[in-house]
There are 2 protein chains.
Amino acid sequence: MKLKDIYVTNKNILRNNDRQGAGLISERMRPFMENNSAIRAMFEEGLRMQREYGADQVFDFSLGNPSVPAPEAVKDAIMRLLSTEDPVVLHGYMPNAGFPEVRQRLAENLNRRYGTAFSGEDLIMTVGAACGLNILLKAILDPNDEVIVFTPYFMEYGAYVRNYGGILREVRTEAETFLPDLSELEKKLSERTKAVIINSPNNPTGVIYGEETLKGIARVLSQAEKAFGTEILLISDEPYRELCYDGHTAPFVTPFYHNTAVCYSFSKSLSLPGERIGYLLIPGEVSGAEELRNACVIANRISGFVNAPSLMQKTVAEAVEADLSPAVESYDENRRTLYEALTELGFTCVFPAGAFYLWMKTPVEERQFVEICKRHRVLVVPGSSFKGSGYVRIAYCVSPEKARASLSAWREIAREVFSTLHREKKVVYSTR
Amino acid sequence: MKLKDIYVTNKNILRNNDRQGAGLISERMRPFMENNSAIRAMFEEGLRMQREYGADQVFDFSLGNPSVPAPEAVKDAIMRLLSTEDPVVLHGYMPNAGFPEVRQRLAENLNRRYGTAFSGEDLIMTVGAACGLNILLKAILDPNDEVIVFTPYFMEYGAYVRNYGGILREVRTEAETFLPDLSELEKKLSERTKAVIINSPNNPTGVIYGEETLKGIARVLSQAEKAFGTEILLISDEPYRELCYDGHTAPFVTPFYHNTAVCYSFSKSLSLPGERIGYLLIPGEVSGAEELRNACVIANRISGFVNAPSLMQKTVAEAVEADLSPAVESYDENRRTLYEALTELGFTCVFPAGAFYLWMKTPVEERQFVEICKRHRVLVVPGSSFKGSGYVRIAYCVSPEKARASLSAWREIAREVFSTLHREKKVVYSTR
């Protein structure tokens, strides 16, 4: 028996022993189960608490589930489609990339709003932005390829990258602004870097990446592409694109860097998170754009998405002509209510320019703070769920009444934590 | 430098060279692109031909896209939901497994129809059956784990298994019946077998697996589980469950074998293929059922599905109370029209007991036959796309008018191929 054969035999014996009595779940699935989403756990805890105490007694700031109903344009569009369209087409298969006329209308809508020159071919309709990210990562990642994210970040990115054997590399943001630390980005880029994910307006910080930031990222990535002789894809995850306050806008990313792909979702702009409808945009200037789109369409099919839900494709194509930011005013009211009250009570928050999250420092240890909040029936997500420990995320996409009603609970939380702090003579932060 | 370091360095150099100028698409994605779906290619070719010649001049039998409209119950349910339900709930996030009341209603519907005793907890709502298959395979497969399928089979199974590093093992079916060859199954089972996929009524043959077949499979799998000391999951992919003819029924699979999971889709029963709505059923008797369901729910989230489309979840829960096989009569008419005409013309088909496919022997070489059909504007899918070479699949889920109108084209095809055969003095088959 040769050495190689012994290795193979030993390996097989090990594998066989592994399988005996091992049950059905794969070894590869286990780490995903251990790192299960704290956000989702909190959301389901919230549903449980609502059943126990009544919905008006629970202040659930855990999940980005819009409280603002979908605009009337959505209902109108569905009603009209049901009455006028052939149900065989309306609920039927279409090309895996989506209905051509839907893609064309969405491209034209973008062109009108951002002065771009996209065609329907550049868009692939997806089962939400999470599908767009997954099929794109499946199309580009080989095992041990690296993807860069900026901390704090939406932790699902980690799972999406690991789904395809990729390695997540974290780059810190700057202390006060939560904008990418470009010198740190430069250091973490390598010949193995396949993509960089950005998310602006940002979950969980509410920060918007302005032109200077995007130019900076583009410059660093272009240099790295030259230095390594590789292509690096900038993936812009934009479910919050239209949710900006105080006259801010999120610059459209594709004009800044040639290799940019956009993952969009109508979850927040049209309040349709449960419907799973969005698109993946791969502009013509992306290296090998046509082949990459083709790869993504195939990934869409073979991953089991097949196509974005058909009625919702046609619905968003109609509703998009209406205002895409109907919810901003109500979220803005919550943003001000909570930011003012919480800072007044002594907490330190980032004043968000976009999205619907407050990113708040915890005056005591983070898990302890989350437990104190829970005791006062306030549900928030611990910052370490975004690799931003020492913070919590407050999703203020609740109704304005709910946000106002929560203030007395917040006052009690403040009383509890700050008196604790006083007793322990430990002040974690000094400035507002 | 140690040997290990040299290896690592060499590997890195190789990897770097690989990446230089390699573009964005991963090496791992390439084989999926090369094996791209012939069915989908044919469908898109059909759309192109319809634009060129007019829809009435093209006979597209390529795709399982139901021509029968969704029952009125679907439209009624959507209209009612839009008028009565809070849009924040109707289009909002719910637990990743789906709305609890939807799962409960679907479980009760199954219990009424099949005398089972499922609860809502046993069901996970999915983005169609393809999603159910993918999240289940993600949850159970480690690299090089084996999954068995019976030829001919829906080729996407191969991609679904390879998505998670699994290896597909093909087991032949018996020559006349297209039922699994159980002695071949016994031989192909190994300690690496994690799952066996069955699909009844079958795509592409239209065969239904009766009680004897299911008992046989169960016996062989139970023996293998004992012999290897492993768990083997039987995955029943059932998009055609309700599409049975001549009083046949497809026996419900879970009572036959303890480790059975069901992937269901409403695509065919409610004519909603574009909506991507179905469920994954993992009964309590499956080994570690609760943990496996939990793994599948997490896989559902992290793969980017997140949840099944919310409006459609609630819609099918209502529509399921109506008849789930409204389309059978119209498909039955096509089945008879085409089977009678084609066998009359000299072709050899399996007379299908279920689904909406005719599996027909090709009198000349398969690719050549497909090309001849195409010249007569008849689109069919080559059998090798199902690992069943020497056949074509005719998807007769078209309108009865279309099926009848195609007969003259079929006559011309027969004249062409059989005269060719005559000239070449080569008869491929002898019996009907």
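Guide: A helix here is a DSSP run of H or I with at least four residues, a strand is a DSSP run of E with at least two, and both are numbered from the N terminus. This is a predicted model: local features need pLDDT of at least 70, side-chain atom pairs count only at pLDDT 80 or more, and totals for chains, interfaces and linings use all residues. Residues are numbered from 1 along each chain as its sequence is written, chains are lettered from A and ligands numbered from 1 in the order in which they are written, and side-chain values use heavy atoms, with hydrogens and water left out.

Visitor: Okay, let's start with the sheet in chain A. In what order do the three strands come?

Guide: They run β9-β12-β11 in an open, antiparallel sheet. The edge strands are β9 (357–361) and β11 (381–382), since each of them pairs on one side only.

Visitor: How do you know that β9(A) and β12(A) pair?

Guide: Count the bridges! Two strands pair if DSSP finds at least two bridges between them. β9(A) and β12(A), residues 391–395, share five bridges in the antiparallel sense, so they pass that test. One example is A:M360, whose bridge partner in β12(A) is A:V392.

Visitor: Which helix lies across β9 and β12 of chain A?

Guide: That's α13, residues 328–344 of chain A, which runs at about 10° to β9(A). The angle is taken between N-to-C directions on a scale from 0 to 180 degrees, using axes that are lines fitted to C-alpha atoms, for helices over the stretch in contact.

Visitor: Over in chain B, what makes β12 a mostly covered strand?

Guide: Five of the five residues in β12(B), 391–395, are buried, and buried means under 20% relative accessible area (exposed is over 50%, partly exposed in between; 1.4 Å probe, protein chains only). Check both faces: B:Y391, B:R393 and B:A395 are buried on one side, and B:V392 and B:I394 on the other.

Visitor: Which strands pair with β12(B)?

Guide: β9(B), residues 357–361, pairs with β12(B) over five antiparallel bridges, and B:M360 has B:V392 as its partner there. β11(B), residues 381–382, also pairs with β12(B) in the antiparallel sense, over two bridges. In that pairing B:V381 meets B:R393.

Visitor: How many aromatic pairs are there over all chains?

Guide: A search of the whole structure turns up 39. Rings of Phe, Tyr and Trp (its six-membered ring) pair if their centres lie within 6.5 Å; planes under 30 degrees apart are stacked, over 60 edge-to-face, and the rest tilted.

Visitor: So why does the pair B:Y240 and B:Y357 get its label?

Guide: Their centres are 5.5 Å apart and their planes meet at 80°, so this pair is edge-to-face.

Visitor: Which rings form a cluster in chain A?

Guide: Ring pairs link A:F61, A:F347, A:F369, A:W410 and A:F418.

Visitor: How do you know that B:S310 is buried?

Guide: Its relative accessible area is 0%, so it is buried. B:S310 belongs to helix α12 (residues 310–319) of chain B. Leaving aside neighbours within four places in sequence, its contacts (heavy atoms within 4.5 Å) include A:G274 and A:E275 as well as B:H91 and B:F99.

Visitor: Which residues touch the most other members of the largest nonpolar core?

Guide: Of its 150 residues, they are A:L136, A:L292, B:M29, B:L136 and B:L292. Such a core is a set of buried Ala, Val, Leu, Ile, Met, Phe, Trp, Tyr and Cys residues joined through side-chain atoms within 4.5 Å. Beyond its neighbours within four places in sequence, B:L292 contacts residues including A:L24, A:I25 and B:L136. Apart from that core lies another, of 64 residues, among them A:I277 and B:L81.
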